[in-house]
Amino acid sequence: MSTRRPGPPAMNRAGNGRGGGGADTTEAFMEQENNSLHMQLLAQTKAMKEIAIDIGDEVKVHNSLLDGLQADMLSAEGLLGGTVNRLSKVTGLKSNSVLCYLVGFCVFVFILMWYMMK
């Protein structure tokens, strides 16, 4: 069993059976087509490289934004933790459930005031 690839029919040295330089013209045509495909491949490769570079730049920008966000969240966490501790000291409450009710009530009052002013 033969494993030949499908393609144009085999040609002899004299050409494609019509006589003359048919092989030369076919060879030139194939070379021209090969060059054209090569140029297309180069253009696609260049475009993909530019896209990859742009993606890398975007990743760097987003990583710096996320680092800033992480720092802000850590400072907010420290601020809220300190506020909860001070609120617990002021109210003298040892139970977290009563403290949650107190915070929920404050949030409800603020939302109610915002809705009434709107």
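A residue is called buried when its relative accessible area is under 20%, exposed when that area is over 50%, and partly exposed in between, with a 1.4 Å probe and only protein chains considered. By this criterion, buried residues make up 3% of the 118 residues in the chain. The model is predicted, so that local features need pLDDT of at least 70 and side-chain atom pairs count only at pLDDT 80 or more, whereas totals for chains, interfaces and linings use all residues. Residues are numbered from 1 along each chain as its sequence is written, and side-chain values use heavy atoms, with hydrogens and water left out.

The secondary structure comprises two helices and zero strands, where helices (H or I, at least four residues) and strands (E, at least two) are DSSP runs numbered from the N terminus. Helix α1, residues 22-91, has 70 residues and reaches 100 Å from its first C-alpha to its last, close to the 104 Å expected, the expected span being 1.5 Å times one less than the number of residues. Just after α1, Gly92 takes a positive phi of about 70 degrees. Of the 22 residues of helix α2, the number buried is one, so α2 lies largely in the open.

The nonpolar patch, of about 1000 Å², includes Val103, Phe105, Val107 and Trp114; Val107 is located in helix α2, residues 96-117, and is partly exposed, with a relative accessible area of 42%.

Conventions
Patch = residues over 30% accessible without salt bridge, like charges linked within 9 Å, V, L, I, M, F, W, Y side chains within 5 Å. Areas by Shrake-Rupley, 256 points an atom, 1.4 Å probe, with all protein chains shown as cover. Salt bridge = Lys/Arg side-chain N within 4 Å of Asp/Glu carboxyl O.
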